Amino acid sequence: MTEVGNGRSRVVLMPCDSYEEEAVYQALKAGISLLGGMEALVKREERVLLKPNLVRKAKLSRAVVTHPAVVGAAARLLREAGVKEITAGDSCGVGTAVSAAAAVGMDETLEKYRVPLVDFTGMGAVPYEDGVQAKSFFLSREVFEADAIINVCKMKTHALERITGAVKNMYGCIHGLHKAKGHTVYPSADSFARMLTDLNRFLKPRLYIMDGIVAMEGNGPTSGDPVSMNVLLMSQDPVALDSVFCRLVNLKPELVPTNYHGEKLGLGSWREEEIELVLAEKGTFLEISMEEAEKRFGKADFDVDRRRVKSDFWVKLGRFFNVFQKKPYVDREKCVKCGVCVESCPVEGKALAFQNGRREPPVYDYKKCIRCFCCQEMCPHKAIKVR
């Protein structure tokens with residue numbers, strides 16, 4: 001190990017094997033100090049928004065949402081930095097942020113620091129002339145009115161983008177039904193990733209914090225399996241942060257569309273030589289190599305899609321003939337016919353629907369399906385998988 005250097009995108013890794021509130025707070029405080037401290041990231045007079053991942057209501061043990069101890073520690077550090085106006089919130093895919101937070105006790109945790117947790121409300125289309133893929137966003141009012149955003153994401157897999165982390169978590173800033181509509185406007189993994197990159201470039205979060213103490217592998221982002229990674233990650237570069245996540249789970253960073261396009265569009269860097277890894281250990285700030293990080297925090301058998309995408313020719317040919325593509329399918333033994341998947345489908349006319357009432361699970365019309373995997377993401381019973 002060597003002393004910390006300068007000039008690259010800094011990603012902080014802090015070991016933390018427990019969600020005990022004081023342990024998380026101390027790890028987060030030490031980690032953020034390596035980025036200059038909370039006082040250097042936000043001003044006291046600014047209105048700060050905490051953006052956790054509250055995709056839908058789920059048990060805390062499922063690792064679906066950002067753990068309340070991590071969000072609470074961020075709120076505590078903001079209060080200690082003298083910030084007076086702090087809000088937390090999200091726009092959920094199913095249900096409300098308030099109910100999702102209450103299910104895991106996040107509301108009670110934030111009450112300790114006098115931080116209200118709200119459901120994002122609609123405002124209107126906001127233009128973004130510098131956007132490459134997206135020229136406007138239907139933002140939530142709370143996002144637009146915030147002076148500074150702190151993104152508190154969860155380390156998870158994702159059917160469309162392979163992983164969901166720092167870059168993807170900002171999609172919750174889009175309000176309500178416009179999130180579903182976005183999948184029809186940007187139906188491919190690449191176009192969706194470019195839109196997410198534009199969104200991050202537009203909103204410019206001051207800090208990205210990733211809850212990797214317990215991550216989700218497999219059928220993420222809501223139906224996978226919890227797995228201990230015992231680490232918190234922090235950075236001001238979301239591409240670098242997500243790329244380190246990739247390296248820890250034995251996934252080439254450039255295979256993730258948000259990393260690849262994020263670098264192309266100037267959001268950050270996924271390249272190892274342009275990333276500086278640091279941690280605090282025994283009261284000393286140290287730089288470590290990527291190999292050391294993988295050895296210490298990595299899980300080589302983490303269940304994530306590592307397959308390379310076929311060439312453009314074969315992708316286009318597959319789309320034309322509707323073959324050789326990832327598709328969602330319903331596990332009939334697990335399906336309880338609740339209808340959440342049907343409600344979540346953003347396609348006009350629906351790409352899946354019940355037949356003969358609800359006596360049987362819903363059926364896909366793959367000619368309409370755009371492979372956005374909203375149905376798989378929102379299913380509360382792990383009944384939809386991708387193959």
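**Working through the model**

Tutor: V55 lies in the loop between β2 (47-52) and α3. Helices (H or I, at least four residues) and strands (E, at least two) are DSSP runs, numbered from the N terminus. This is a predicted model, where local features need pLDDT of at least 70 and side-chain atom pairs count only at pLDDT 80 or more, while totals for chains, interfaces and linings use all residues. Residues are numbered from 1 along each chain as its sequence is written, and side-chain values use heavy atoms, with hydrogens and water left out.

Student: Is V55 buried or exposed?

Tutor: V55 counts as buried because its relative accessibility is 11%. Buried means under 20% relative accessible area, exposed over 50%, and partly exposed in between (1.4 Å probe, protein chains only).

Student: What does V55 touch?

Tutor: Leaving out residues up to four places away in sequence, V55 touches V64, V65, D90, C92, G93, V94, K156, T222, E377 and M378. Contact means heavy atoms within 4.5 Å.

Student: New topic. Where is K154?

Tutor: K154 is in strand β7 (residues 148-158). At 3% relative accessibility, K154 counts as buried.

Student: Which side chains make a polar contact with the side chain of K154?

Tutor: One is the side chain of Y19, at 3.2 Å. The side chain of D211 also makes a polar contact with that of K154, at 2.8 Å. A polar contact is a pair of N or O atoms within 3.5 Å; within protein, one must be able to donate a hydrogen and the other to accept it, and residues adjacent in sequence count only if both atoms are side-chain atoms.

Student: Helices now. How do the axes of α1 and α3 cross?

Tutor: The axes of α1 (residues 21-33) and α3 (residues 68-80) come within 9 Å and cross at roughly 55°. That makes α1 oblique to α3. Angles under 35 degrees count as roughly parallel, over 145 as roughly antiparallel, 65 to 115 as roughly perpendicular and the rest as oblique. Axes are lines fitted to C-alpha atoms, for helices over the stretch in contact, and angles run from 0 to 180 degrees between N-to-C directions.

Student: Which residues make the contact?

Tutor: On α1 they include V24, L28 and I32, and on α3 they include V70, A73 and L77.

Student: And α11, how many of its residues are buried?

Tutor: In α11 (residues 257-264), 6 of its 8 residues are buried. What covers these includes α7 (166-169), α9 (189-203) and α10 (238-248). Just after α11, G266 takes a positive phi of about 85°.
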